[in-house]
Amino acid sequence: MRLSLSRTTVAKYSIAIVACLATMAVAAFAYPILDAANTVMLFLLTVFLIARWLGRGPAVMAAFFSVLLFDVIFVAPQFSLAVKDVQYLVTFAVMLTVGLTTAGLTANLRKEAEGARKREAQAQALYELARELAGVVTIAQLTEALERYMGNQGYVAHLHLLDDTGTLSTLSAGNVPLGVATLAMQQKTPMDAEVTDGGKCRIIPLEGATRSRGVMIVSPRASQSIDVNVELIDAIASLVALTVERLHYVEVAQASQLEASAERLRSSVLSALSHDLRTPLTALVGMADGLAVDNAAMPEQARSMAGAIRDQARAMGQLLSNLLDMARLQAGKVQLHREWQLLEDVISSSLNLMRTILAGRPLTVDLAPGMPLVNFDAVLLERVVCNLLENAVKYSPPGTPLEIHAFVEAGRAGISLCDRGQGFPPNDIDRVLGMFERGRAESSTPGVGLGLAICQAIMDAHGGEIKVMNRAGGGACVTILLPLGTPPAIEEETMEDNGDAKP
């Protein structure tokens with residue numbers, strides 16, 4: 001590259017010398033009809049043209065060479081540097097000054113014109129890049145367009161975007177310093193950094209409307225310099241940041257649209273379940289119960305089958321209710337009717353509702369003394385306790401004891417229900433709180449795994465918590481916790497307030 005540049009420079013200076021000599025020849029040929037002033041104009045025109053086409057260096061050399069030729073060839077005594085007429089010294093000075101000034105001005109205009117053409121080309125290229133980026137729909141397309149454009153400009157560019165955890169997982173700490181990239185995002189300022197191979201790179205944070213989206217790292221090729229085109233690189237980074245932000249919001253909009261479509265589909269399914277299945281199941285339960293109880297003329301086997309149909313229809317009805325309740329809880333359509341109440345009342349009403357299922361089960365209820373009032377929805381919390389009781393009965397052997405504890409600890413009131421069954425899978429115990437998750441997938445126990453999920457959703461709506469754990473010696477414990485809050489003050493009624501005071 002250096003050799004090519006040297007040859008180009010030599011060629012320019014050689015052309016300038018030849019042009020001056022050609023001007024001298026023309027002036028010598030026309031010397032009988034041209035005076036000294038016009039001859040000087042010919043040399044100044046040559047200097048101007050050299051400055052216009054060859055640049056400042058050859059033009060300066062041509063200005064000095066033209067003065068020399070004019071002195072030697074056209075000023076007496078000829079072919080000598082001596083000057084007979086002192087007035088020609090002024091001519092030489094003016095000629096040299098005008099030549100140098102013309103060379104400088106012309107070279108500056110040429111440089112500005114070249115800069116304007118370069119900026120126009122860059123603006124056109126930026127426009128083409130912006131138009132291309134406006135049509136990309138994926139990060140892969142954005143990366144491809146950016147690398148192609150920067151390659152044409154003599155640079156290498158790489159995008160490193162933040163992942164879901166908020167880290168630059170695609171940027172290794174090896175070649176480009178990860179700390180510099182992180183600092184650039186934090187300070188929202190482009191930074192220059194040295195890479196391990198001795199090169200230089202520029203790290204530009206991609207700032208979105210709400211937060212930083214990552215960084216763009218640009219490194220030059222052998223013939224380019226980052227310092228020369230900093231403004232261009234920063235402008236490209238701005239276009240890339242806008243495109244990344246647009247793609248992010250397009251993804252968010254698509255996800256919202258899919259969620260809305262899923263919600264409409266779920267609403268349609270729930271409507272079908274509620275109207276088309278619930279009513280027939282209720283009727284089926286009633287008819288099967290009538291056959292099993294009131295029809296004395298029916299054979300015993302037929303009544304037994306009718307009772308089995310009734311029980312299965314009730315189970316299906318309960319499953320359907322669980323599905324509807326879970327859907328309403330997830331959609332946030334359940335309004336809590338909170339009141340300050342005692343947990344003992346919820347435990348008592350739940351045990352009364354589940355007395356048929358709990359028949360034959362040893363049951364221990366341990367209530368801590370002085371239980372405070374707690375703010376909760378009694379109907380929903382009763383549903384939680386009933387679900388826990390049903391699960392405890394379902395997943396523990398018949399006749400094994402159940403234990404209920406009500407307590408207060410760390411600013412929360414809780415109810416704990418423990419059994420002596422097989423317990424939860426120890427390897428992934430928290431998984432049982434998810435929807436359609438069961439402790440053992442191959443269990444023959446009926447159910448689809450919604451009971452604990454409903455309890456979890458109800459506790460979340462109350463701002464509470466549900467915990468599951470295995471007991472030492474076998475069995476499981478499920479604990480629900482509610483924040484205590486500050487119950488309202490209860491004022492004691494006086495005799496005057498009741499109208500019982502005697503004068």
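Contact here means heavy atoms within 4.5 Å. The model is predicted, and the values below are computed from it.

By that definition, threonine 243 touches Leu133, Val136 and Leu142, leaving aside residues up to four places away in sequence. Threonine 243 is located in helix H7, which covers residues 230–293. Its relative accessible area is 5%; because buried means under 20% relative accessible area, threonine 243 counts as buried.

| Residue | Relative accessible area | Class |
|---|---|---|
| Cysteine 20 | 0% | buried |
| Cysteine 201 | 1% | buried |
| Threonine 243 | 5% | buried |

The remaining topic is disulfide bonding. A disulfide is a covalent bond between the sulfur atoms of two cysteines. How many disulfides does the distance rule, a pair of cysteine sulfur atoms within 2.5 Å, give? The count comes to one disulfide. Cysteine 418 and cysteine 477 form a disulfide, with 2.0 Å between their sulfur atoms. The pair links distant parts of the chain, the two cysteines being 59 residues apart. Cysteine 418 belongs to strand S9 (residues 412–418), whereas cysteine 477 belongs to strand S11 (residues 476–483).

Which hand does the disulfide of cysteine 418 and cysteine 477 have? The torsion about their S-S bond is about 115°, and the disulfide is therefore right-handed. Both cysteine 418 and cysteine 477 are buried.

Key:
Residues are numbered from 1 along each chain as its sequence is written. This is a predicted model: local features need pLDDT of at least 70, side-chain atom pairs count only at pLDDT 80 or more; totals for chains, interfaces and linings use all residues. Side-chain values use heavy atoms; hydrogens and water are left out. A disulfide is a pair of cysteine sulfur atoms within 2.5 Å. Helices (H or I, at least four residues) and strands (E, at least two) are DSSP runs, numbered from the N terminus. Buried means under 20% relative accessible area, exposed over 50%, partly exposed in between (1.4 Å probe, protein chains only).
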